[in-house]
Amino acid sequence: LETWWRSEGLFHQRVVSYAEMDLTAPQAPTSQGPEKRALAIGGARYQQNGYHGNRQTEGLIVATPLPFNCNVDRSLCSENQLLAGLCHDLLGAEPVDIRATLAMVRGWLWLYVTGAPCLSCVGAMRQFQLLLP
């Protein structure tokens with residue numbers, strides 16, 4: 001079936017990001033006491049591109065609109081969503097100093113993507129590296 005949006009190359013391509021990780025983030029003292037607890041995130045997760053009912057709004061990983069197609073919302077790229085979600089999960093529920101907490105995260109992360117990342121996603125990966133040195 002040939003349509004104008006297929007012939008113009010406007011067909012949506014499904015991309016999936018898969019990450020394996022072992023990350024530990026220190027947490028602020030809780031309201032129950034001054035002791036600090038650590039938050040560990042390990043194992044694997046995946047993220048498909050597109051809108052799935054929720055969106056990270058903190059702006060820890062900022063998507064970059066690309067000049068050749070500024071109508072595409074790059075915050076919906078699978079890489080961006082996966083990395084922003086990890087930052088959100090590492091911060092936990094209690095208010096903390098975001099940059100200081102993320103800078104103290106220890107561990108490793110391997111990211112696999114089913115297609116070549118766009119320039120905005122390469123930027124998201126670099127932002128993640130800078131937030132979690």
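**A covered helix and its surroundings**

Mentor: The helix α2 is mostly covered, with twelve of its 14 residues buried, where buried means under 20% relative accessible area, exposed means over 50% and partly exposed lies in between (1.4 Å probe, protein chains only). Helices (H or I, at least four residues) and strands (E, at least two) are DSSP runs, numbered from the N terminus. The model is predicted, and therefore local features need pLDDT of at least 70 and side-chain atom pairs count only at pLDDT 80 or more, whereas totals for chains, interfaces and linings use all residues. Residues are numbered from 1 along each chain as its sequence is written, and side-chain values use heavy atoms, with hydrogens and water left out.

The buried residues of α2 include Ser78, Glu79, Asn80 and Gln81, and among them are also Leu86, Cys87, Leu90 and Leu91. Their cover includes the strands β1, β2 (38-48) and β3 as well as the helices α3 (98-103) and α4, contact being heavy atoms within 4.5 Å. As for its length, the 14 residues of α2 should span 20 Å at 1.5 Å a residue, and its end C-alpha atoms are 20 Å apart, which agrees; the expected span is 1.5 Å times one less than the number of residues. Just after α2, Gly92 takes a positive phi of about 75°.

A nonpolar core is a set of buried Ala, Val, Leu, Ile, Met, Phe, Trp, Tyr and Cys residues joined through side-chain atoms within 4.5 Å, and in the largest one, which has 20 residues, Ile61, Cys87, Leu90, Leu102 and Leu132 touch the most other members. At least two residues of this core come from each of β1 (16-26), α2 (78-91) and α4 (119-131), and α2 gives the largest share, seven residues. In soluble globular proteins, nonpolar side chains tend to be buried together.

Cys87 is buried, at 0% relative accessibility. The structure holds zero disulfides, a disulfide being a pair of cysteine sulfur atoms within 2.5 Å. Cys121, likewise buried with a relative accessible area of 1%, has its closest cysteine sulfur in Cys118, 3.5 Å away, which is too far for a bond.
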